[in-house]
Amino acid sequence: MRPTIYITRLLPKDVIDKLSIDLNVRMWEEEEIPVPREILLREIKNADGLLCLLTDMVDEEVINEATRLKIISNMAVGFNNIDIHSAQKKGIIVTNTPGVLTETTADLTFALLMATARRLMYASDFLRKGEWGAWSPMQHTGQDIYGATLGIVGLGRIGEALVKRAKGFNMNVLYYNRTRKYDKERELGIHFRELRELLRQADYVCLLLPFSDEIYHLIGKEELSLMKSNAVLINTARGGIVDEEALFDALKNGEIWAAGLDVFEEEPVPSDHPLLSLPNVVTLPHIGSASVQTRMNMANLAADNILNVLNEKKPITPVNL
């Protein structure tokens with residue numbers, strides 16, 4: 001009997017066709033609506049493989065319902081939506097999709113930095129609302145990017161790619177990482193700083209580290225108080241890294257100048273979220289990897305991980321092996 005997999009969201013036909021050659025494919029056939037939990041709990045019982053998204057909570061309850069699950073293939077770099085410990089106990093392989101979204105996410109991070117620094121969204125709305133009456137010397141003025149100091153928190157693949165973009169703007173780049181990377185300092189011309197010192201010195205702080213319980217609210221009231229009053233915080237990593245209540249207060253009180261956010265602690269973010277009410281916040285709906293080619297690459301890598309494991313081959317990008 002052919003193995004059965006369950007896919008938690010509608011994927012492109014080419015990916016489904018590839019999986020269907022060897023596997024029995026069942027799928028939640030909605031693109032915008034997440035699979036209801038009760039359906040996921042029912043489908044997981046007889047699935048040999050699960051292809052899921054970052055928004056699907058594959059916790060202990062879901063994993064314990066599985067009777068023959070061999071692989072959970074997460075179509076994301078992060079995997080904090082999956083209970084790795086429970087999967088490990090049951091001998092289930094967990095995989096993710098790193099590497100293929102590095103450049104696309106770095107592009108988006110720098111684009112968000114630029115849009116926030118130069119107040120592009122605010123200026124565009126000003127024009128569209130018919131409020132542009134006359135030019136004035138200080139109207140819609142933002143912060144310079146060229147020659148400024150960028151602080152990167154988390155120097156992984158995306159962080160390194162962001163450095164290369166920043167160098168094109170002659171930025172002085174500082175970084176903080178749990179493990180200091182002397183080779184990258186020499187190769188990329190960057191400088192290590194402890195987190196508190198980086199926050200004090202940087203004009204722009206970009207968060208690019210993977211989420212874990214240890215870094216929950218890494219950036220809180222105390223950390224924000226260390227930043228310059230004209231500093232900009234950019235988060236394209238995970239929402240839980242920032243204490244959003246503290247960030248709201250810092251932005252509203254002028255402790256920092258602005259923030260650009262692609263991620264939130266609760267997603268989708270509620271429309272009445274306080275941060276959405278501030279004019280000095282640029283917000284995006286978690287689109288860091290949202291280019292056609294990158295999303296196809298992610299879907300194909302997630303599919304290939306499932307095919308490998310269910311054909312008794314090694315996974316390409318395992319998380320827990």
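Helices (DSSP H or I, at least four residues) and strands (DSSP E, at least two residues) are taken as DSSP runs and numbered from the N terminus. The model is predicted, so local features are reported only at pLDDT of at least 70 and side-chain atom pairs only at pLDDT 80 or more, whereas totals for chains, interfaces and linings use all residues. Residues are numbered from 1 along each chain as its sequence is written, and side-chain values use heavy atoms, with hydrogens and water left out.

An open sheet is formed by seven strands in the order β8-β7-β6-β9-β10-β11-β12, with parallel pairing; two strands are counted as paired if DSSP finds at least two bridges between them. Strands of a sheet pair through backbone hydrogen bonds, in either the parallel or the antiparallel sense.

Nonpolar cores were defined as sets of buried Ala, Val, Leu, Ile, Met, Phe, Trp, Tyr and Cys residues joined through side-chain atoms within 4.5 Å. Relative accessible area under 20% denotes buried, over 50% exposed, and values in between partly exposed (1.4 Å probe, protein chains only). The largest core comprises 50 residues, of which L19, L150 and Y204 touch the most other members. Helix α12 (residues 292–310) gives the most to this core, namely eight residues. A second, separate core contains 32 residues, including L199, I215, I219 and A246. Contact denotes heavy atoms within 4.5 Å. When neighbours within four places in sequence are left aside, the contacts of L150 include L113, L162, A166, M171, Y204 and C206.

Helix α1 (residues 13–20) has V15, I16 and L19 as its buried residues. These residues lie on the same side of α1, because they cover an arc of only 95 degrees around the axis; the arc is that of the directions from the helix axis to the C-beta atoms. Among the elements covering the buried residues of α1 are β1 (4–7), β2 (24–27), β3 (49–52) and α12. The face of α1 turned away from the buried side bears the exposed residues K13 and D14.

Several local backbone features were also identified. E267 and P268 are joined by a cis peptide bond with omega of about -5 degrees, and P268 is placed in the loop between β11 (258–261) and β12 (281–283). H286, a residue other than glycine, has a positive phi near 50 degrees. H286 is found in the loop between β12 and α12 and is partly exposed, with a relative accessible area of 26%. E312, likewise not a glycine, has a positive phi of about 60 degrees. E312 belongs to the segment after α12 and is exposed, at a relative accessible area of 78%.

K164 is situated in helix α7 (residues 157–167) and counts as exposed at 54% relative accessibility. K164 and A106 are separated by 58 residues in sequence and by 9.4 Å in space, C-alpha to C-alpha.
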